[in-house]
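Visitor: I am new to this one. Please show me the structure, and then let us talk it through.

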Amino acid sequence: MNLPLVLTALAIVASGSALAAEPPAAPSATPVKHPTLKSCNREATAKQLAGKQREQYVKDCMAGKTAPAAAAPASH
């Protein structure tokens, strides 16, 4: 075999090993478990729900069973 060919092959193998050995990127800030939880709680507060009614509303809201809060109509 040719020496340059062997050296090229070794360089390719070594670079592949170096890339595979890199640790995965660290996750950014704390991941949001339920991105809609805030909005569901805000809606429940606006409706002045409490106790079991509030729990059920938030549960349904998180499952997508409730209609989203209606946006205020735009005035012309």
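Visitor: Which hand does the link of C40 and C61 have?
Guide: This is a predicted model, where local features need pLDDT of at least 70, side-chain atom pairs count only at pLDDT 80 or more, and totals for chains, interfaces and linings use all residues. Residues are numbered from 1 along each chain as its sequence is written, and side-chain values use heavy atoms, with hydrogens and water left out. The angle about the S-S bond is -75°. That makes the link of C40 and C61 left-handed.

Visitor: How many disulfides does the count come to?
Guide: A disulfide is a pair of cysteine sulfur atoms within 2.5 Å. C40 and C61 are joined this way, S to S 2.0 Å. The count comes to one.

Visitor: How far apart in sequence are the parts that the pair ties together?
Guide: Helices here are DSSP runs (H or I, at least four residues), numbered from the N terminus. C40 lies in helix α2, residues 37-46, and C61 in helix α3, residues 51-62. So the pair ties together parts that are apart by 21 residues.

Visitor: Is C61 buried or exposed?
Guide: Buried means under 20% relative accessible area, exposed over 50%, partly exposed in between (1.4 Å probe, protein chains only). C40 has 1% and is buried. C61 has a relative accessible area of 13%, so C61 is buried.

Visitor: What order do the elements of the chain run in?
Guide: The chain has three helices and zero strands (E, at least two residues). From the N terminus on, the order is α-α-α.
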